[in-house]
Amino acid sequence: MTITDEDCLAETLAFNEQFEAAAASRPTRGEAPDATVLVLLRRNRLGGHTPPVRLSHGQDRVVAGGVKVRAFVPDHVDGVYLHIHGGGWAFGSADGQDEKLWQLAVQARLAVVSVEYRLAPEHPFPAGPDDCEAAARWLVENAAAEFGTRRLLIGGESAGAHLSVVTLLRLRDRHGITGAFRAANLLFGPYDLSMTPSQRSFGARRLLSNTDSVRGSYELFTPGMGAEQRRAPEVSPLFADLTGLPPARIAVGTEDPLLDDSLFLAQRWQAAGTPVQLGVVAGAMHGFTLFPLTITEREQEREREFLATARR
């Protein structure tokens, strides 16, 4: 484990304090919200920051199984990155990070394909994983014809990181597909939906995510499941056999209730015999890459370097 960005700690912690102070004007993400609150949370993109900009570079498409994706294709393509957005399986969208994804596409020379998977609670588990699996299989079968390359990468943030691992496991276990995706980029994901110690002990701090909001997300995504059911490997990939998965880069902040999830997953990934990079960002809260911080700029640089060079 490497602790990064300690030189930015004062700025990072000051932002956390500002975020908490402003939390009183935002709807709480505790227990599963009603329809009105759900619409508001989806509109303000979780943190109350500036609404996203939708770029003309993005191409909305429908692929196998009727799954919607948003593609960003630069002039030079050396690989395809299957991106899965975060948002607790109930928020977020494929067009919520156009500026970031287009910049990544150009600078890392990647076609970026972001999945518009179905959201809970309207579409609980396994709808979202089904859509991501379908998009991944479509890329395995069509990337060469569509984008001129068979070099595939996968990753995402938060729930998107969870769905990325679930997708890799489904490809292996349901279709015998291993090695098609050459690397996984996993940012602050939840990998044990029965709740790791850091999730349980984080408490009620009004950062982007806390113990109550994590629990509420699980209720939306897996309604009616108890803790033991949520430990099933197809729900919580921390409990899965991780052999045969590609090299991974895992990143998380020290002030994230999902800290243990990344630490534990990195250990299990390595124990399965696969290379893994683990970076822990000093003072960073859950979802920190949504905000204009020095640590965000650095994290995006590390992400681009990893995706541009992984398994070339």
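How many disulfides does a search of the whole structure find? The search turns up 0 disulfides, counting as such a pair of cysteine sulfur atoms within 2.5 Å. Cysteine 8 is buried at 6% relative accessibility, and cysteine 132 is buried too, at 0%; buried here means under 20% relative accessible area, with exposed over 50% and partly exposed in between (1.4 Å probe, protein chains only).

A word on the model itself: it is predicted, so local features need pLDDT of at least 70 and side-chain atom pairs count only at pLDDT 80 or more, while totals for chains, interfaces and linings use all residues. Residues are numbered from 1 along each chain as its sequence is written, and side-chain values use heavy atoms, leaving out hydrogens and water.

Next comes threonine 196, which sits in the loop between strand S7 (181–187) and helix H6 (197–201). Helices (H or I, at least four residues) and strands (E, at least two) are DSSP runs, numbered from the N terminus. Threonine 196 counts as buried because its relative accessibility is 1%. Leaving aside residues up to four places away in sequence, threonine 196 touches Pro257, Asp260, Asp261 and Phe264, where contact means heavy atoms within 4.5 Å.

As for helix packing, H3 (residues 98–108) and H10 (residues 294–309) meet at an angle of about 45°, their axes 10 Å apart. Axes are lines fitted to C-alpha atoms, for helices over the stretch in contact, and angles run from 0 to 180 degrees between N-to-C directions. On the H3 side the contact involves Lys100, Gln103, Leu104, Gln107 and Ala108, and on the H10 side Gln300, Glu303, Arg304, Leu307 and Ala308.
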